[in-house]
Amino acid sequence: MSLKRKAAEVATDAKKAKVNSSITSFFGAPKSAASAAKFDKDAWVEKLSDEQKDLLKLEIDTLHDSWLPHLKDVLVSPQFLELKRFLKKELASGKTIYPPMKDVYSWSRHTPLDTVKAVIMGQDPYHGPNQAHGLCFSVRPPTPAPPSLRNIYTALKKDYPDFQAPPKNGGLLTPWADRGVLLINTVLTVRRSEANSHQGKGWEQLTQKVIETVAKVRSNGVVFLAWGTPAANRVKDVNKEKHLILKSVHPSPLSASRGWFDCHHFVKTNEWLVQRYGKDAGIDWNLNVDPEKAGV
């Protein structure tokens with residue numbers, strides 16, 4: 001039985017949500033699409049100072065255009081510009097930063113704003129070579145899935161016995177991102193071998209705005225999966241009447257034994273999406289995708 005079909009069958013007799021049960025409304029343009037469409041990126045860039053253009057080159061070149069109108073005010077804030085000066089100094093001094101700069105905003109390109117169906121929040125990027133690539137919990141092949149991700153697979157297998165992990169014990173989650181699961185860390189960069197080394201530098205302001213933007217723009221409802229206390233704090237102001245918020249301990253080996261393996265977040269996500277938007281709205285959680293076809 002497919003992962004999506006099982007969710008559809010579970011929800012068959014469930015009460016349908018009164019608000020917007022059409023699948024087309026879910027995949028349609030976000031509520032603020034009109035204002036976003038009016039956003040003139042070139043004109044915005046033209047108004048930036050020379051220093052701002054230099055500091056924000058990565059954002060201008062690699063942040064997906066669907067997100068930029070909603071995040072632009074944070075980008076030019078003094079705190080964020082100071083973060084970019086800090087990163088510039090780190091790189092100039094020879095420090096190795098993960099993920100590679102070109103991948104910092106890969107979450108935005110794999111999951112444009114008007115495709116978000118669910119949000120999974122991580123904390124700090126992996127700080128080892130060939131691990132972090134801009135999607136929380138995900139690693140590129142041939143790196144094997146880290147312990148937290150293996151625990152995620154275990155919980156998924158409980159919800160969906162036919163779940164298939166990535167080939168060769170891998171940990172690539174780009175298929176989820178391409179299917180509407182926003183995979184974003186609270187902090188988007190880290191110094192090699194130094195966990196939390198970029199914490200408190202300014203990323204938190206931006207990623208909190210991402211969460212707020214999803215909650216506001218995807219107003220028909222999405223699922224927020226908050227694993228661990230920091231993630232729960234990120235979604236504390238999200239409207240629980242519009243959105244589904246699923247909380248659990250973090251899947252890390254340090255905490256997973258305290259309830260993670262029986263949280264059933266993956267089937268609950270699909271049940272809610274199916275109830276709200278129809279039988280085709282559930283997420284296919286399978287990951288048995290050729291890396292070359294998964295955007296690597």
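**Basis of the report**

Contact here means heavy atoms within 4.5 Å. The model is predicted, so local features need pLDDT of at least 70 and side-chain atom pairs count only at pLDDT 80 or more, while totals for chains, interfaces and linings use all residues. Residues are numbered from 1 along each chain as its sequence is written, and side-chain values use heavy atoms, with hydrogens and water left out.

**Y105 and the nonpolar core**

Leaving aside residues up to four places away in sequence, Y105 touches L58, E59, T62, L63, F80, L188, W203 and L206. Y105 is also among the residues with the most contacts inside the largest nonpolar core, together with W67, W107, W176, W203, F224 and F266. A nonpolar core is a set of buried Ala, Val, Leu, Ile, Met, Phe, Trp, Tyr and Cys residues joined through side-chain atoms within 4.5 Å; buried means under 20% relative accessible area, exposed over 50%, and partly exposed in between, with a 1.4 Å probe and protein chains only.

This largest core has 83 residues. Its largest share, seven residues, comes from helix 12 (residues 203-217). Helices (H or I, at least four residues) and strands (E, at least two) are DSSP runs numbered from the N terminus.

**Packing of helices 8 and 12**

The axes of helix 8 (residues 78-92) and helix 12 come within 8 Å and cross at roughly 125 degrees. Helix 8 is therefore oblique to helix 12. Angles under 35 degrees count as roughly parallel, over 145 as roughly antiparallel, 65 to 115 as roughly perpendicular, and the rest as oblique. The axes are lines fitted to C-alpha atoms, for helices over the stretch in contact, and angles run from 0 to 180 degrees between N-to-C directions. Helix 8 contributes Q79, F80, L83 and L87 to the contact, and helix 12 contributes W203, Q205 and L206.

**Q52 in helix 5**

Q52 lies in helix 5 (residues 50-55) and counts as buried because its relative accessibility is 18%. A polar atom of the Q52 side chain is 2.9 Å from the backbone nitrogen of S49. Q52 also touches V76 and L81, not counting residues up to four places away in sequence.

**Helix 14 and its boundaries**

Helix 14 (residues 265-277) has 13 residues, which at 1.5 Å a residue should span 18 Å; its end C-alpha atoms are 18 Å apart, in agreement. The expected span is 1.5 Å times one less than the number of residues. Ten of the 13 residues are buried, so that the helix is mostly covered. The buried residues include F266, W272 and Y277, and F266 is also one of the residues with the most contacts inside the largest core.

H264 lies in the loop between strand 6 (244-248) and helix 14. H264 has a positive phi of about 55 degrees although it is not a glycine, and at 30% relative accessibility it counts as partly exposed. Just after helix 14, G278 takes a positive phi of about 110 degrees.

**Further backbone features**

Most residues other than glycine have a negative phi, and most peptide bonds are trans. K168, not a glycine, has a positive phi of about 55 degrees. K168 is found in the loop between helix 10 and helix 11 (174-178) and, at 81% relative accessibility, counts as exposed.

A cis peptide bond joins Y98 and P99, with omega about -5 degrees; P99 lies in the loop between strand 1 (97-98) and helix 9 (106-110). The peptide bond from P141 to P142 is cis as well, with omega near 10 degrees. P142 is found in the loop between strand 2 (118-122) and helix 10 (147-159).

Notes
Polar contact = N/O pair within 3.5 Å; in protein donor to acceptor, adjacent residues only side chain to side chain.
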